[in-house]
Amino acid sequence: MAKTSSCQYIPTDTQKLGVAAIHGENITSIFKGKKDVIAVENVSFDIDQKKITAIIGESGSGKSTLLKLIYGLLEPHSGEVRYKGWLVPTRKDKLIPGHDAMKMVSQGFDDLNLYAKVWDNVASQLPNTNLEYKKTRTEETLKKLRIDHLAQQRVADLSGGERQRVAIARALINDPEVLLMDEPFNQVDAAFRDGLQHDIKQIVLETGLTVILVSHDPAEVLAMADALIVMRNGKIVDAGNPKDLYYNPKHPYTALLLAKSNIINATQASILQIESTKQVAIHQEWIDVEEQPNAPFIIKEIKFRGFYSEYVVGNDKINLHAIVKTKTPIPIGTGVNILIQDSISFSQ
């Protein structure tokens, strides 16, 4: 089992008790150059063991940098990251960076040997001291990721989703305590995404693995993650249970990211008879429209989305997007009343 203490790397470290399994405190990371870029700015977070935590946000939000800080690939300019109360060693502390109890699967499958067979890519992570164990353990790991039938194929001949499974198998064969994944579903076809997510969840249930993954698409992780960390411009703007964040976000950006919510100002809210002094979020599924020739709003646009249509409805002062499940939508230009079922008023 991998060591979880940093004493062997940071002799001056003492264990901090009473904190989460992975604990970040006041972390800042700056990329130096002609113009310094603050990738992560004064963030603090807690990540629980044996759970799946997703770090989400748009490109450039700092989520991949945060993942590397957790793993120890990057050293924070200020603040600290701890695993089980011990400081995570970084490049300055050990020759080969990366925490011994963790494994990372990179976005581009950089660690895979494309011209070697799947079996060799995975088995190569184990020593030859016990060949029988090496064979058995490789078989078990390939079966767990449902790629045992690909064992004799070259990685170069596999699809993106199959390569992702090989990369995960390669990371898991040595039983890490924490698996970190950077955009793990980026190269996986939508049709196979659910299967891979199910298998990862099953591995977490069976082994107690802690998973931290980065995603720019909340739809990929809403049903999969036990917890979300929402990042924007290098800062954590929200964190918590996915369902709680969907229905009760603390920041307008969270509502926009998770629900593609309509974000309106206080003046626009008053047009809809919503009292607020701050921004308001109205999820698209919280809006109903009813046809009314002399109503103050009209259907401006209709976007066919398959099993539902998306209305753009409003007037010269406000536009709202609404989800409507109907085969025969109200025609563009028709006057409608807007009925709001629910809304979120922000304090910030």
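Q: Over residues 22–258, what share of the chain is helix and what share is strand?
A: Helices (H or I, at least four residues) and strands (E, at least two) are DSSP runs, numbered from the N terminus. Here, over residues 22–258, the chain is 32% helix and 26% strand, and the end C-alpha atoms sit 24 Å apart. Bear in mind that this is a predicted model, where local features need pLDDT of at least 70, side-chain atom pairs count only at pLDDT 80 or more, and totals for chains, interfaces and linings use all residues. Residues are numbered from 1 along each chain as its sequence is written, and side-chain values use heavy atoms, with hydrogens and water left out.

Q: How do I read a helix pair, say H4 and H5?
A: Two packed helices are described by the angle between their axes and the distance between the axes. Axes are lines fitted to C-alpha atoms, for helices over the stretch in contact, with angles from 0 to 180 degrees between N-to-C directions. The axes of H4 (residues 160–172) and H5 (residues 190–207) come within 12 Å and cross at roughly 10°. H4 and H5 are therefore roughly parallel to each other (angles under 35 degrees count as that).

Q: Which residues make the contact?
A: Contact means heavy atoms within 4.5 Å. H4 brings Gln164, Arg165, Ile168 and Leu172, while H5 brings Gly195, Leu196, Asp199, Ile200 and Ile203.

How values were computed
Angles under 35 degrees count as roughly parallel, over 145 as roughly antiparallel, 65 to 115 as roughly perpendicular and the rest as oblique.
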